[in-house]
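Reader: Got a model open here and a few things to check. Can we go through the helix packing and the core?

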Amino acid sequence: MHIEPGVVTGAKLALGSVTAAGAATVSAKMVWENLVQRGAASLIARSAMATAATFVFFELLPHLAVGPSEVHLILGSTLLLMLGTAPAAVGLALGLLLQGLLMSPTDLPQYGMNVTTLLVPLLALHVVTKSVVARGTAYVDLTYTQALKLSTTYQAGVVAWVAFWVVWGEGASMSTLASLSTFGAAYMTVVLIEPLVDLAVLAVAKRMKAQGSGLLDARVYG
């Protein structure tokens, strides 16, 4: 989901800062609400876990440059289900920033676009979760179909934003659209794999029986 350097240049880069600011504002509201509900210690711990996980996902898990971007196992739905939306948002933003600062400084000019690509689908997933998972249902009891719906929502959002940035930067030429089609097809592997990861992680959580832990989202166990 990293937009490659040179795809969007000049004044057009400013739009990424605007969209990132919007996503950050909504995320900050959720962070404040989570802070009030669960306390600072739980929020900081879960955010730190999400940040570390994001950095590992981006740097250590397999990723491949396809067309104008990269195909990553972002595991955004996993972070949301296990740690909560607010810590997941903080972790994705900070993990991406650390990755740019420490490993790929050439990605920093695209940070606004890339963080938008991660956070807006996460915020959409937060909304969708309320309709896909019935109130009172524990995340550990999700079915594959439910996990697939959640993961697909997130990944579709990522692909949509990548497409937007590429068209914004390069225009809607036939070569650009063909490149985006290749990228979208490659991302289908992620759509199929991430629900399995979600269920595997939730299965481990179910065996742990860590209900009430400040290190997990309150909905994990119901």
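Reader: Which helix is T51 found in?
Author: T51 is part of helix α2, which covers residues 40-59. Keep in mind that this is a predicted model.

Reader: Is T51 buried or exposed?
Author: T51 is buried, because its relative accessibility is 11% and the cut-off for buried is under 20%.

Reader: What does T51 touch?
Author: Leaving out residues up to four places away in sequence, T51 touches V90, G91, L94, G95 and L98.

Reader: Switching to α1 and α4. At what angle do their axes cross?
Author: Roughly 130 degrees, and the axes of α1 (residues 14-38) and α4 (residues 85-102) come within 8 Å. The angle therefore makes α1 oblique to α4.

Reader: Left-handed or right-handed crossing?
Author: α1 passes α4 in a left-handed crossing.

Reader: Which residues meet there?
Author: From α1, S27, M30, V31 and N34; from α4, T85, A86, A89 and V90. By class, that contact has five nonpolar and three polar residues, with no charged ones.

Reader: Now the core. How many residues does the largest nonpolar one have?
Author: It has 51 residues, and I74, L79, L92 and Y154 have the most contacts inside it. The elements giving it two or more residues are α1, α2, α3, α4, α5, α6, α7 and α8.

Reader: What does Y154 touch?
Author: I74, G76, L92, L118, P121, L122 and L125, again not counting residues up to four places away in sequence.

Reader: What other core lies apart from the largest one?
Author: One of five residues, among them M30, V31, L43 and L123. M30 and V31 also belong to the α1 side of the contact with α4.

Note on methods. Residues numbered from 1 in each chain as written. Predicted model: local features only at pLDDT ≥ 70, side-chain atom pairs only at ≥ 80, totals over all residues. Heavy atoms only, no water. Axes fitted to C-alpha atoms, helices over the stretch in contact; angles between N-to-C directions. Helix = DSSP H or I, 4+ residues; strand = E, 2+ residues; numbered from the N terminus. Parallel < 35°, antiparallel > 145°, perpendicular 65-115°, else oblique. Left-handed = near helix turned anticlockwise from the far one by under 90°. Contact = heavy atoms within 4.5 Å. Nonpolar A, V, L, I, M, F, W, Y, C, P; charged D, E, K, R; others polar. Buried < 20%, exposed > 50% of the residue type's maximum accessible area, 1.4 Å probe, protein only. Core = buried A, V, L, I, M, F, W, Y, C linked by side-chain atoms within 4.5 Å.
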